[in-house]
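Here are some notes for a colleague who is about to go through the model. The points take up the interface, the pairing of strands, the domains and the backbone in turn.

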Number of protein chains: 2
Amino acid sequence: MQKPPLAPAIILSEPQLGENIGACARAMANFGLSDLRLVNPRDGWPNEKAEAMAAGAAGIIEAARVFESVEHAIGKLQLVYASTARDRTMAKPVLTPAEAARRLREAAGRGVHTGLLFGNERAGLTNDEVALADCIVTIPTETSGFASLNLGQAVLLLGYEWFKAGDDTPAEQIDHSVQLPATREELILLFEHLEEELEKGGFLFPPGNRPGMIRNLRSILHRAQLTDQEVRTLRGVIVALTKGKKRGNPPL
Amino acid sequence: MQKPPLAPAIILSEPQLGENIGACARAMANFGLSDLRLVNPRDGWPNEKAEAMAAGAAGIIEAARVFESVEHAIGKLQLVYASTARDRTMAKPVLTPAEAARRLREAAGRGVHTGLLFGNERAGLTNDEVALADCIVTIPTETSGFASLNLGQAVLLLGYEWFKAGDDTPAEQIDHSVQLPATREELILLFEHLEEELEKGGFLFPPGNRPGMIRNLRSILHRAQLTDQEVRTLRGVIVALTKGKKRGNPPL
């Protein structure tokens, strides 16, 4: 099996609240990231609140490394993108999260060490910090109203895109492992059963409308993409509905 | 201007913590969703903690509606997807968030009223609740380790995909509104300036290597995709470096 590409390091510059560091670690764990780097965390390190919030991602918190500057934190990396929402008048490419994830995966696949740099909760990244990055990543949000992603949310969304870029889950899956799709024959027997009973009940009337009515009913049942079990269930439904009638139950 | 398609309603079934309801409202606001529906919120409604957490999304909390059952909450909707991570042995299509968002937008564009249904923090959706939906949406996560998305994160990721499905931000943008890309002429003058000074400094030696060395240097500078301002800056750099030499400053 091919070794999975090395996931990007997450670098938090001067994060303030331990809870947010913990939330970042959880978001990372969900999407297969593990290398957390902290630049001068305001409340020191280790941080109990970060550990409490990290829950199942405690391993990431324990392995987190602390650096004295962004320069040191990214020193050994070869490709670094900075996450920022603010407009910068810098001639630096601004990528969507999906495009950034695609490029990070492509680079990581070639053995390049990558990282995603995030600013603190209050002020984000400084221009000098952004200048250290190769590109800017900006998460698109609704700008007409309120829009404000916190640190944990930004890490979550970029982690999600990283994961997606390497994920081959099909857009649509139907679980037919237990229940198989009905054969055409089973479907046709269902149609005929239903139509026979409807004929008896006087539903397919007048005769001139019969072919169109049958097509409509068959079309509904086709659209439902029935499994073989569901066909049997519907056959039982028809029996149950018509059995009552044969017994001559009075109408309610 | 075309009216934007109606965003999906977010239906939370029996949510427990007010903080989580508030986090959902914030996530919704970021991505242009506004119709929040609560089915039997555990701690009653209104909820101070939800309001506090919602911050700038207070309008969504104020307009939220409470229903006594999922059936009532989704009664007027025409297309409902259920968000769940658990495997269900139901013959119901399972969509990726991106595919779900694409279909919801497509339906909303035709005037269809849509909704996304989420279970509570502890147990998620029941099978009976899932059975009310047209499709299941499952957020892909790293299954080999710890993976657990909370309610606010799930709403954030699906809201993000909804927004993205209607967002036409280019994958890569370079801000040339202030600074224009350099013309070829400006670049060539920079190359010639640099090469003239390097010639004087004896760098382009031996002569047989000269063409290859020049190509390498030009290639580096091309790759940098310089703006006109940056070309002027680099010309200044060359002047500054060589002026020192002409003054005959002693080496340090």
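How much area is buried between chain A and chain B, and what percentage of it do carbon and sulfur atoms give?

1. The model is a predicted one, and the values that follow should be read with that in mind. The area buried between chain A and chain B is about 3800 Å², and carbon and sulfur atoms give 57% of it. In terms of contacts, 47 residues of chain A meet 47 residues of chain B.

2. Across the interface of chain A and chain B there are 12 residue pairs in polar contact, both residues being at pLDDT 80 or more. On the side of chain A that touches chain B, the elements giving two or more residues are α1 (18–30), β5 (94–95), α5 (97–109), α7 (151–165) and β8 (172–173) of chain A. Of that side, α7(A) supplies the largest share, with seven residues. The residues of this side of chain A comprise 23 nonpolar, 12 polar and 12 charged.

3. Side chains of opposite charge can pair when their charged atoms come close. Between chain A and chain B the count is four salt bridges, while the count over all chains comes to 28. One salt bridge links B:Lys164 to A:Glu161, with 2.6 Å between the closest N and O atoms. Because B:Lys164 lies in helix α7 (residues 151–165) of chain B and A:Glu161 in helix α7 of chain A, this pair joins two chains. A salt bridge is likewise found between A:Lys164 and B:Glu161, whose closest N and O atoms are 2.6 Å apart.

4. Strands of a sheet pair through backbone hydrogen bonds, either parallel or antiparallel. Within chain A, strand β4 (residues 79–83) and strand β7 (residues 135–137) pair in the parallel sense over three bridges, and A:Ala82 stands opposite A:Ile136 in β7(A).

5. Which strand of chain B is joined to β8(A)? The partner is strand β5 (residues 94–95) of chain B, to which β8(A) is joined by two bridges, the two strands running antiparallel. In β5(B), B:Val94 is the residue that stands opposite A:Gln173.

6. The domain assignment divides chain A into domain 1 (9–165) and domain 2 (184–246). Taken over C-alpha atoms, the centres of domain 1 of chain A and domain 2 of chain A are separated by 58 Å.

7. A few backbone features deserve a look, given that most residues other than glycine have a negative phi, and most peptide bonds are trans. In chain B, a cis peptide bond joins B:Trp45 and B:Pro46, with omega about 0 degrees, and B:Pro46 is placed in the loop between β2 (36–39) and α2 (48–54) of chain B. A cis peptide bond also joins B:Phe205 and B:Pro206, again with omega about 0 degrees, and B:Pro206 sits in the loop between α8 (184–200) and α9 (210–223) of chain B. In chain A, the phi of A:Asn40 is near 45 degrees, a positive value in a residue other than glycine, and A:Asn40 is found in the loop between β2 (36–39) and α2 (48–54) of chain A.

Methods:
Residues numbered from 1 in each chain as written. Chains lettered and ligands numbered in written order. Predicted model: local features only at pLDDT ≥ 70, side-chain atom pairs only at ≥ 80, totals over all residues. Heavy atoms only, no water. Contact = heavy atoms within 4.5 Å. Buried area = accessible area lost by both parts, 1.4 Å probe. Salt bridge = Lys/Arg side-chain N within 4 Å of Asp/Glu carboxyl O. Polar contact = N/O pair within 3.5 Å; in protein donor to acceptor, adjacent residues only side chain to side chain. Helix = DSSP H or I, 4+ residues; strand = E, 2+ residues; numbered from the N terminus. Nonpolar A, V, L, I, M, F, W, Y, C, P; charged D, E, K, R; others polar. Pairing = 2+ DSSP bridges. Domains from an automatic or database assignment.
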